[in-house]
Amino acid sequence: MRTLRIPLQLAQGKGYVAANFPLFKRLPPDPGLSWTIAIGADDAAKIAQAYPTILERVKAAIPNVDASRSIQGGHSNGAHTIAALLSVLDETTLGSFGGFFFVDGGLDGSSYKRTEVLGGHSLLFLVGGGDGRGDEPWRDDLKARATFFRESARTMGMSRWRFEIVDGIGHEFARGYLPTLRDGADGVGADFARKSKRP
């Protein structure tokens, strides 16, 4: 996320600490290939080296941060970043957050395939339904995948994993996502805390 505008609106002054994490890639993008700007699983090691430093600074400034109630989220490449970390089950990420949200990105099986590890975390995937301009040919596929994964999660009984399509939004981190994000944030914590206490 470039700014804290949306995270601060999500927090609504309810005791949350909002922090903005930069994006990291293993290799610089190729100027001739636009798709190389996307973050993927190959970048996980690079990201995993950088993020603990940021998290330690947050904890040093605010020692009583509750990991079970902490949420990490991202839009587009920010969502791909979280998916990359979860695809390798990064221990720092799993131990620092009770829930994750992904907006218009990060929607792939590698990010939540290991239910025995991620089962106690809340995962919320939001996909824009499109803004009607028709300039995003990939959006129909994204919506179809979100629908498929929603049914799969329901079949598997993964009630803490949600896949929602929000109509009227294109590829932007829009205010229209806030009601669903706030609802998801309210549920983060309880299952994570119970799972962490298991032997």
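Helices here are DSSP runs of H or I with at least four residues, strands are runs of E with at least two, and both are numbered from the N terminus. The structure shown in these views is a predicted model.

**View 1. The largest nonpolar core and the elements that supply it.** This core has 31 residues, among which Leu-86, Phe-102 and Leu-107 touch the most other members. At least two of its residues come from each of the helices α2 (44-61), α3 (77-87) and α6 (139-156), and from each of the strands β2 (99-103), β3 (122-128) and β4 (161-166). Apart from this core there is a second, separate one of 13 residues, including Phe-101, Val-166, Leu-178 and Leu-181.

**View 2. The contacts of Leu-107.**

**View 3. Helix α6, with its buried and exposed residues.** The end C-alpha atoms of α6 are 26 Å apart, which agrees with the 26 Å that its 18 residues should span at 1.5 Å a residue. Arg-139, Leu-142, Ala-146, Phe-149 and Ala-153 are the buried residues of α6. Seen down the helix axis, these buried residues fall within an arc of 85°, so they line one face of α6. What covers them includes β3 and β4. Asp-140, Phe-148, Arg-154 and Thr-155 lie on the other side of α6 and are exposed.

**View 4. The residue just after α6.** Gly-157 follows the helix and takes a positive phi of about 75°.

**View 5. The largest pocket and its lining.** The volume of this pocket is about 810 Å³. Its lining consists of 37 residues, and those nearest the pocket centre are Val-17, Ala-18, Ala-19, Ile-71 and Phe-97. The helices α1 (5-11), α2, α3 and α4 (91-96) each supply at least two residues of the lining, as does the strand β1 (71-75).

**View 6. Leu-89 in the loop between α3 and α4.** Is Leu-89 buried or exposed? Leu-89 has a relative accessible area of 16%, and buried means under 20%, so Leu-89 is buried. Leu-118 is 29 residues apart from Leu-89 along the chain, and the C-alpha atoms of the two are separated by 8.6 Å.

Technical notes. Residues numbered from 1 in each chain as written. Predicted model: local features only at pLDDT ≥ 70, side-chain atom pairs only at ≥ 80, totals over all residues. Heavy atoms only, no water. Core = buried A, V, L, I, M, F, W, Y, C linked by side-chain atoms within 4.5 Å. Buried < 20%, exposed > 50% of the residue type's maximum accessible area, 1.4 Å probe, protein only. Contact = heavy atoms within 4.5 Å. Expected span 1.5 Å × (residues − 1). Arc of directions from axis to C-beta. 1 Å grid on protein atoms, 1.4 Å probe; cavity = no way out; pocket = protein on both sides within 12 Å on 5 of 7 lines; lining within 4 Å. Points joined across faces, edges and corners; volume = space filled by probe spheres on them. Lists of a residue's contacts leave out its neighbours within four places in sequence.
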